[in-house]
Amino acid sequence: MELSREERESFPAEPRVAALGVAAGDDRGPLVIPVWYAYEPGGLPWILTGAGSRKMTLIRTAGRFSLLVQRTEPTARYVSVEGRVAEVTEGSGTLHREMAGRYLSGEALERFVAMAEGTRRSRRAPHAAGTLADRRSGHGR
């Protein structure tokens, strides 16, 4: 069952872990790894990653990446988006707190913010492509 526009916007705004996919070269499959991300309905999804990390190197080279956000309970549901990179900017304490605050609180949040210095923010361009579904009992799109 296809999700409504409101469901497509609100579902990825919930704090979930996404799978990030980015091309890793002509002779390799894509790099696919779990990441925290941030997204507000109507905005651009974004991630934070180390400036010299393999993820950032591949994102810069490919100029695009994909995110898959899913759940398995009470029914399987996912939203997948793919598009070109809209911008790469320096990370900041404010961005780190915004991102990690979706997943952590208190002392754990403060430790993460302190550890995350030196990261970069990558924003994906608006919904260049998407696959959206709500799977119930194995049936879906």
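A nonpolar core is a set of buried Ala, Val, Leu, Ile, Met, Phe, Trp, Tyr and Cys residues joined through side-chain atoms within 4.5 Å. I kept that in mind while opening this predicted model.

**Entry 1: the core.** I looked up the largest nonpolar core and found 19 residues in it. Leu-20, Val-22, Tyr-37, Ile-47, Ile-59, Phe-65 and Leu-67 touch the most other members. I then noted which elements give two or more residues to this core: β1, β2 (31-35), α2 (54-62), β4 and β5. In soluble globular proteins, nonpolar side chains tend to be buried together.

**Entry 2: Ile-47.** What does Ile-47 touch, not counting residues up to four places away in sequence? I listed its partners, among them Leu-20, Tyr-37, Ile-59 and Leu-67, and also Arg-120, Arg-121 and Ser-122.

**Entry 3: His-96.** I found His-96 in helix α3, which covers residues 93-100. Is His-96 buried or exposed? It counts as buried because its relative accessibility is 1%, and the cut-off is under 20%. Leaving aside neighbours within four places in sequence, His-96 is in contact with residues including Leu-48, Phe-112, Val-113 and Thr-119.

**Entry 4: two prolines.** Pro-15 sits in the loop between α1 (5-10) and β1 (18-22). With 52% relative accessibility, Pro-15 counts as exposed, since exposed means over 50%. Beyond neighbours within four places in sequence, I saw Pro-15 in contact with Arg-102 and Tyr-103. From Pro-15 to Tyr-37 I read 8.2 Å, C-alpha to C-alpha, with the two 22 residues apart in sequence.

Pro-74 is in the loop between β4 (64-71) and β5 (76-90). The peptide bond from Glu-73 to Pro-74 is cis, with omega near -5 degrees. I jotted beside it that most peptide bonds are trans.

Notes:
Residues numbered from 1 in each chain as written. Predicted model: local features only at pLDDT ≥ 70, side-chain atom pairs only at ≥ 80, totals over all residues. Heavy atoms only, no water. Helix = DSSP H or I, 4+ residues; strand = E, 2+ residues; numbered from the N terminus. Buried < 20%, exposed > 50% of the residue type's maximum accessible area, 1.4 Å probe, protein only. Contact = heavy atoms within 4.5 Å.
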